[in-house]
Amino acid sequence: MLDLQRLRALHAVSVHGTVGAAAVALGYTSSAVSQQIAKLERETRTVLLEREGRSVRLTDEAHRLVSAAQELLAIVERAETELEERRGVPAGRLTVAAFASAARGLMPSVLADLARRHPALDARLTEIDPHLSVDLVAKGAVDLAVAHDWDIAPLPAPAGVEQAVIGDDLCDLLVPEGHPFAGRTAVRREELGGERWISPPPGRVCHEWLVRTLRAAGHQPEIVHRADENPTLVALVAAGLGIALIPRLGRGPLPDGVVEVPLDPMPVRRVYALWRTGAARRPAIAETVRALRGHWPGIRAHTPR
């Protein structure tokens with residue numbers, strides 16, 4: 001008989017692409033995941049993973065087994081959902097994926113709230129890019145995702161995935177102290193030409209929004225510094241190396257030397273919770289969405305320096 005945990009490990013490698021990423025998602029070590037798959041290979045007398053440099057490739061037999069594993073995991077999820085629904089209280093493990101600034105600025109208080117109110121619920125967080133996390137929900141790799149979109153890049157909810165709006169995250173223009181915009185009450189987008197920009201790298205939604213918005217206003221942005229993390233972007237602004245557009249969620253207090261100026265109109269990104277339709281009846285899902293919304297007003301309480 002095939003072991004469900006070993007099938008879950010193989011399914012995770014298929015979804016996340018590497019043994020290491022699968023281990024992070026499952027909360028195991030890489031060696032533990034490798035051992036589970038090695039045992040599955042012995043049980044099935046089949047090669048499931050083949051080395052390709054530093055990565056691995058699933059064999060055709062492994063892909064067939066993953067399809068069966070996905071069906072079995074869906075059956076288990078339905079059974080767990082029915083049991084939790086009958087008990088009427090959030091319980092069991094709930095895996096949550098959130099983008100970086102939500103993982104930093106929203107999820108700690110949400111997870112603490114859930115742990116305090118529902119000790120039988122084991123909620124676990126993984127930080128993942130929002131567009132990747134939606135796919136992970138659809139494939140059953142995580143139970144709930146916290147993701148965002150912008151007006152230029154709506155967040156699609158694939159078939160079988162439901163979503164709820166958590167809130168709108170406002171974005172401000174950050175400039176060094178002494179910059180001509182620093183004393184302004186607002187700056188129009190048409191005025192942003194000729195500036196040196198600090199931005200996330202290409203492929204990130206914030207980067208694409210900046211490029212498209214400035215081009216629509218008749219400017220080609222000169223991006224001189226790129227960094228993944230918002231604290232790094234803020235530090236570069238504080239050093240006088242350029243200006244940046246950064247959302248408020250997870251940003252934290254601004255350091256000396258950085259001034260916040262509103263853009264007119266102000267950019268907004270919408271934050272969502274997403275989960276599989278089959279899990280919608282889980283009290284854990286409903287309580288997590290409640291907690292996300294309940295802690296959201298604090299995000300909007302941020303005031304300029």
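## Overall architecture

Of the contacts in the chain with a separation of 6 or more, 75% are accounted for by residues 24 or more positions apart. The model is predicted. Its secondary structure comes to 11 helices and 13 strands. The chain has 305 residues, of which 45% count as buried. Along its principal axes, the C-alpha trace spans about 70 × 50 × 30 Å.

## Helix packing

Two packed helices are described by the angle between their axes and the distance between the axes. Two pairs are set out below.

| Helix pair | Angle | Distance between axes |
|---|---|---|
| H1 and H3 | about 115° | 9 Å |
| H6 and H10 | about 130° | 9 Å |

Helix H1 covers residues 4–16 and helix H3 covers residues 30–44. With angles of 65 to 115 degrees counting as roughly perpendicular, H1 and H3 are therefore roughly perpendicular to each other. H1 passes H3 in a left-handed crossing. On the H1 side the contact is made by Gln 5, Arg 6, Leu 7, Ala 9, Leu 10 and Val 13, and on the H3 side by Val 33, Gln 36, Ile 37, Lys 39, Leu 40 and Glu 43. Sorted by class, this contact of H1 with H3 has 7 nonpolar, 2 polar and 3 charged residues.

The crossing of H6 and H10 is right-handed. From H6, the residues Met 107, Ser 109, Val 110, Asp 113, Leu 114 and Arg 117 meet Glu 287, Thr 288, Arg 290, Ala 291, Leu 292 and His 295 of H10. By class, the contact of H6 with H10 has 5 nonpolar, 3 polar and 4 charged residues.

## The nonpolar core

The largest nonpolar core has 25 residues, and those with the most contacts inside it are Leu 144, Val 146 and Leu 292. Two or more residues of this core are given by each of strand S3 (92–98), helix H5 (100–105), helix H6 (107–117), strand S5 (144–149), strand S6 (161–176), strand S13 (268–276) and helix H10 (283–295). H10 supplies the largest share of this core, 5 residues.

What does Leu 144 touch, not counting residues up to four places away in sequence? Its partners are Thr 95, Val 96, Ala 97, Val 137, Ala 273, Leu 274, Trp 275, Ile 285, Thr 288, Val 289 and Leu 292. Leu 292 is also one of the H10 residues that meet H6.

## Selected residues

His 118 is found in the loop between H6 and strand S4 (121–127). Since buried means under 20% relative accessible area, His 118, at 15% relative accessibility, counts as buried. Setting aside residues up to four places away in sequence, His 118 touches Pro 90 and Glu 287. Glu 287 also belongs to the H10 side of the contact with H6.

Arg 51 lies in strand S1 (residues 49–52). With a relative accessible area of 66%, Arg 51 is exposed. Arg 51 and Ala 112 are 61 residues apart in sequence, and their C-alpha atoms are 41 Å apart in space.

Ile 75 has its place in helix H4 (residues 60–87). Its relative accessibility is 45%, so Ile 75 counts as partly exposed. From Ile 75 to Ala 159 there are 84 residues in sequence and 18 Å in space, C-alpha to C-alpha.

Terms used: Residues numbered from 1 in each chain as written. Predicted model: local features only at pLDDT ≥ 70, side-chain atom pairs only at ≥ 80, totals over all residues. Heavy atoms only, no water. Axes fitted to C-alpha atoms, helices over the stretch in contact; angles between N-to-C directions. Helix = DSSP H or I, 4+ residues; strand = E, 2+ residues; numbered from the N terminus. Parallel < 35°, antiparallel > 145°, perpendicular 65-115°, else oblique. Left-handed = near helix turned anticlockwise from the far one by under 90°. Contact = heavy atoms within 4.5 Å. Nonpolar A, V, L, I, M, F, W, Y, C, P; charged D, E, K, R; others polar. Core = buried A, V, L, I, M, F, W, Y, C linked by side-chain atoms within 4.5 Å. Buried < 20%, exposed > 50% of the residue type's maximum accessible area, 1.4 Å probe, protein only.
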